[in-house]
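Hello,

Here is the structure I said I would pass on. My notes on it follow below.

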Amino acid sequence: MLFKHIQFLVMSLTVLACQVNAQIKIAVVGKTKNDSFYEQSFYGCQAFAKQYDNLKCIYEGADDYQDVRTQVLIVKELISNGIDGLLISTTDSNYLVEGALKAAKEKGVPVITFDSDLLPEHRRYRLAYVGTNNFDFGRALAEVAKKYKKESIQTICIQSGHQTTPNLNERIRGVRYALSGGETSRLVAATGWREHPRCPLFTMGRREDALSQLLSMIKLPAPPIFLAVAGFAQFNTQYIERLSPFRTKIAMQEVVIISADTEAVQLQALAKGLSTQNIGQKPFTMGQLGAQLLYAFIVNKQRPKQQNYFLDYHFCHASNVTSCTTNHE
């Protein structure tokens with residue numbers, strides 16, 4: 001009888017130990033995996049996870065461009081493999097919800113969006129959003145562009161990623177709103193700004209396409225102000241080499257390149273005079289705070305107190321390139 005009691009006690013303690021040491025897995029899924037912006041968010045998740053022995057961060061995403069189908073397949077596989085929480089940047093809201101987030105909700109896997117939120121009609125499938133207010137971010141990019149307006153009717157070319165991506169579309173709306181004086185439709189010269197006939201340009205996150213698009217615009221006899229609402233071309237490893245012939249024109253503001261994001265590779269280009277100005281976000285904090293909110297919900301069922309956790313952004317130019325931001329490794 002005593003042996004049975006001891007056996008039961010040992011089994012109970014073993015189960016309890018397994019429960020205490022059970023690994024909580026949070027998946028960080030960007031629009032693309034080979035992107036230092038999303039890597040920064042993963043590092044933020046890892047920094048938070050260091051506080052807890054039972055927490056592990058997993059990093060995933062489409063391999064090298066913004067593929068909505070691949071993102072959904074990855075999320076479905078993560079859910080099947082038993083993740084406890086999902087921190088995700090949305091490429092296509094409708095496709096993601098229908099293909100994966102409804103299943104996440106059914107299985108009780110909590111979701112926090114970062115960088116790119118779901119569309120308003122889909123937000124019941126996530127707990128909260130952590131990241132930049134993308135409409136305001138677009139307005140900030142436009143305010144930089146205003147400084148380089150030289151013509152009574154100035155031409156601008158906006159470069160984006162995937163046509164359905166919520167955060168990038170919000171940035172485009174913000175750019176147009178600021179330049180038009182309150183409208184979000186295509187700029188058609190009524191307020192001194194017009195969009196180049198070939199623009200917006202959509203890269204799908206493909207870096208070679210992004211760089212080719214940029215070069216085709218700045219080689220024009222009268223190049224438009226080039227405004228990228230994410231890093232795109234500047235993440236291309238050939239950017240510095242292929243932009244170097246335009247250094248003088250950039251210095252004389254005959255070519256103007258304004259870009260979102262301030263990743264290390266972008267700051268190298270800025271320091272070499274191969275970008276006019278960059279506005280950066282806080283991807284590390286997105287990952288850190290997103291993981292914190294998920295962990296609080298998974299462990300304590302504590303819902304985020306806000307629907308949106310908006311983070312600020314920073315302005316980088318040649319004179320402050322070494323001090324305007326910190327990139328984590």
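On helix H3, the face turned away from the buried side carries the exposed residues Arg69, Leu73, Glu77 and Ser80. Exposed means over 50% relative accessible area, buried under 20%, and partly exposed in between, with a 1.4 Å probe and protein chains only. Helices (H or I, at least four residues) and strands (E, at least two) are DSSP runs, numbered from the N terminus.

This is a predicted model: local features need pLDDT of at least 70, side-chain atom pairs count only at pLDDT 80 or more, and totals for chains, interfaces and linings use all residues. Residues are numbered from 1 along each chain as its sequence is written, and side-chain values use heavy atoms, with hydrogens and water left out.

The buried residues of H3 are Val68, Gln71, Val72, Ile74, Val75, Leu78 and Ile79. They lie on the same side of H3 because they cover an arc of only 160° around the axis, taken from the directions from the helix axis to the C-beta atoms. Their cover includes strands E1 (24-29), E2 (55-60) and E3 (85-88) and helix H4 (93-106), where contact means heavy atoms within 4.5 Å. Just after H3, Gly82 has a positive phi of about 90°.

Strand E9 (residues 225-228) is covered on both faces: Ile225 and Leu227 are buried on one side, Phe226 and Ala228 on the other. E9 pairs in the parallel sense with strand E6 (residues 154-160) over four bridges; pairing requires at least two bridges found by DSSP. Gln159 has Ala228 as its bridge partner in E9. Strand E10 (residues 257-260) also runs parallel to E9, joined by three bridges, and Ile258 in E10 stands opposite Leu227.

Regards
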